[in-house]
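Here is a quick tour of the fold for anyone about to open it in a viewer.

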Amino acid sequence: METIILNMPHGTMKSESIIWEVGGRPFILNTFEGSPPQTLPDETVNKRCCSGNNCCYKFWNAMKSHPLCPSPQRFQRFLALLILIFMIWGSAYSDLGDIAGPQGQLFQIGFLGVTAYIAGYITVLLNLPALLGMLLMGLLLRNVELVVFSGPYLHMTSSLRKVALLITIIRSGLELDPVALKKLSLMVAKLLVVPAVVETAVIAVMTYFLLDLPWIWGFLLGSFLAAISPAVILTSLFQIQKKGNYGISKGIPTLIIAVTTLDDILCISVFGVLLSIITSTGSLTYQIISGPAGVVIGICYGLIVGIVFRYIPHAKDRKASMLRTFLLAAGGLLVLFGSEKIGFGSAGPLGCIMYTFIACNGWDPKEKEMVNANFRLLWVIFEPILFGLIGNEIDIFVLQPNVVGFGIATVLVAALATVVSVGLTATGGNFNWKERIFIAISWIPKATVQAALAPAALDRIRALNLEESTAHAEVLLILGVLSILISASLGSIIMTILGPKLLKKDDDTEGV
């Protein structure tokens with residue numbers, strides 16, 4: 001029996017004939033010299049199908065139209081990652097023995113990543129962000145005691161979260177568009193500063209009175225809860241654009257993407273400065289200057305490394321994109337881990353984002369996109385690990401009800417204050433009231449930055465053995481998780497439903 005090929009695979013040889021279905025009829029394409037498709041005779045179809053009843057076509061069409069059936073690309077990507085993880089684990093088990101075995105915590109890290117990826121795929125089928133499923137899977141595995149980390153593996157999981165944060169920062173720098181920033185500079189500046197300040201202040205005030213959190217810890221919490229999630233917003237904008245070109249003529253998607261990227265950079269930088277001040281163990285003078293000094297170190301590092309990476313390797317080097325990917329990653333690892341080692345942790349995120357932005361805007365656009373694609377692939381690997389690990393930090397059996405209750409209230413009130421502030425701030429632009437509402441609700445989703453930074457304070461406190469601050473750091477972690485669970489799903493649903501109703505649909509020619 002001959003096999004029928006329904007889709008042209010990547011890398012098909014020119015001499016092959018490809019058969020697929022168009023409009024209910026099988027067609028054949030002789031790929032040699034791009035010959036036009038030809039309809040197969042009925043006797044050929046009957047010969048190549050099971051008993052002449054087209055059961056292969058019927059079975060394939062039924063399967064691929066099922067909502068639970070993944071696309072070939074997604075399924076094969078999952079298989080590739082699964083094979084990669086299995087081979088890495090097999091190598092580790094062969095060399096390290098029981099510590100990498102099924103009962104070892106090294107194995108549990110891989111198991112957590114795989115199950116979190118599967119959970120993320122299931123939540124995508126429900127039209128919810130994948131990160132929600134990943135987060136809940138980590139929480140579930142921790143509280144049924146299937147995956148619980150201890151000892152040196154706490155440091156390992158902390159390092160993995162820092163690597164995920166590095167990938168997030170580099171992708172933010174690669175996606176910054178200087179042309180769009182210049183075009184919308186005034187509106188971007190207003191939307192970047194005003195809502196972040198309002199949300200941070202609201203969170204600091206509420207946690208001070210409701211949760212007895214010191215002012216500086218409240219502002220630290222607000223600095224990372226105010227960060228918007230590009231991952232959730234981009235997914236929601238993509239779902240809206242599948243229904244038509246909404247808001248493109250006024251540059252609303254461009255504005256939102258530009259502000260969210262810059263907002264993350266601002267929040268990460270402020271968080272680093274405040275955390276350096278809180279965890280500084282030197283004199284009062286040292287604590288005061290540690291934050292600004294970290295900013296200066298980060299700026300200097302970013303300028304020097306950014307200029308070097310802008311011109312090295314040579315633009316005509318055939319391996320330039322791969323070398324640039326390794327250089328950006330290595331430069332980020334050095335500044336993130338090195339700045340903490342010398343006591344100026346705030347230099348890490350700022351230096352990383354600066355050298356990425358300076359370097360990539362001197363590259364060819366195609367080269368820049370290839371590097372960005374490499375980091376998107378890395379994010380596919382580290383995203384389930386990041387969100388799985390952050391969920392795994394929460395033990396629901398020791399949660400204090402008042403922290404959860406007041407935490408939910410804080411997240412909801414802060415979100416409402418942010419929406420109002422964004423709506424008022426956008427009044428000076430060329431937007432009608434419906435468009436301002438949509439821009440305002442796009443500030444609701446929180447996810448990536450919260451997942452990366454929520455445990456950062458707790459990791460630093462553990463590393464420095466500052467036991468008196470552990471309770472405050474745990475409150476930050478709990479509210480970070482609550483923020484993701486509430487705002488990511490709520491914001492995504494509201495944006496997807498209200499987007500077509502609030503934004504004007506452009507003609508196809510305008511949207512292109």
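When this briefing says that two residues touch, or are in contact, it means they have heavy atoms within 4.5 Å of each other. Keep in mind that this is a predicted model. The chain runs to 512 residues, and 48% of them count as buried. Its secondary structure comes to 21 helices and 3 strands.

**Overall build and cores**

- Take the contacts between residues at least 6 apart in sequence: 74% of these join residues at least 24 apart.
- The largest nonpolar core has 103 residues, and the members that touch the most others are Trp217, Leu220, Leu328 and Phe438.
- Helix α11 is the top contributor to this core, giving 13 residues.
- A separate core of 10 residues lies apart from it, and Ala119, Phe149, Tyr153 and Ile385 are among its members.
- Leaving out residues up to four places away in sequence, Trp217 touches Ile278, Ala457, Ile461, Ser469, His472, Ala473 and Leu476.

**The largest cavity**

- The structure has 2 cavities of 30 Å³ or more, and the largest of them holds about 60 Å³ of space.
- Its lining is made up of Glu199, Ile203, Leu225, Val411, Ala414, Ala415, Lys446, Ser483 and Ser487.
- Helices α8 (185-210), α16 (401-425) and α20 (470-502) are the elements that each supply two or more of those lining residues.
- Of these, α16 gives the most, with 3 residues.
- Sorted by class, the lining of the largest cavity has 5 nonpolar, 2 polar and 2 charged residues.

**The second largest cavity**

- Around the second largest cavity you'll find Ile169, Ser172, Asp264, Ile265, Ile268, Ser269, Pro349 and Ile353.
- Two or more lining residues come from each of α6 (152-175), α11 (252-279) and α14 (347-360).
- Helix α11 turns up again here, giving the most to the lining of the second largest cavity, with 4 residues.
- By class, that lining splits into 5 nonpolar, 2 polar and 1 charged.

**Thr356, a polar residue on the inside**

- Thr356 sits in helix α14.
- Thr356 counts as buried because its relative accessible area is 0%, and the cut-off for buried is under 20%.
- A polar atom of the Thr356 side chain lies 2.8 Å from the backbone oxygen of Cys352.
- Not counting residues up to four places away in sequence, Thr356 touches Ile170, Gly173, Leu174 and Leu328.
- Leu328 is also one of the residues that touch the most other members of the largest nonpolar core.

- As background, most residues other than glycine have a negative phi, and most peptide bonds are trans.
- The peptide bond from Ile312 to Pro313 is cis, with omega near 0°.
- Pro313 belongs to the loop between α12 (284-311) and α13 (320-341).
- Glu145 isn't a glycine, yet its phi is positive, near 60°.
- You'll find Glu145 in the loop between α5 (130-143) and α6, and it counts as exposed because its relative accessibility is 66%.
- Asp212 also has a positive phi, near 55°.
- Asp212 lies in the loop between α8 and α9 (215-225), and its relative accessibility of 63% is why it counts as exposed.

Methods
Residues numbered from 1 in each chain as written. Predicted model: local features only at pLDDT ≥ 70, side-chain atom pairs only at ≥ 80, totals over all residues. Heavy atoms only, no water. 1 Å grid on protein atoms, 1.4 Å probe; cavity = no way out; pocket = protein on both sides within 12 Å on 5 of 7 lines; lining within 4 Å. Points joined across faces, edges and corners; volume = space filled by probe spheres on them. Nonpolar A, V, L, I, M, F, W, Y, C, P; charged D, E, K, R; others polar. Buried < 20%, exposed > 50% of the residue type's maximum accessible area, 1.4 Å probe, protein only. Polar contact = N/O pair within 3.5 Å; in protein donor to acceptor, adjacent residues only side chain to side chain. Core = buried A, V, L, I, M, F, W, Y, C linked by side-chain atoms within 4.5 Å.
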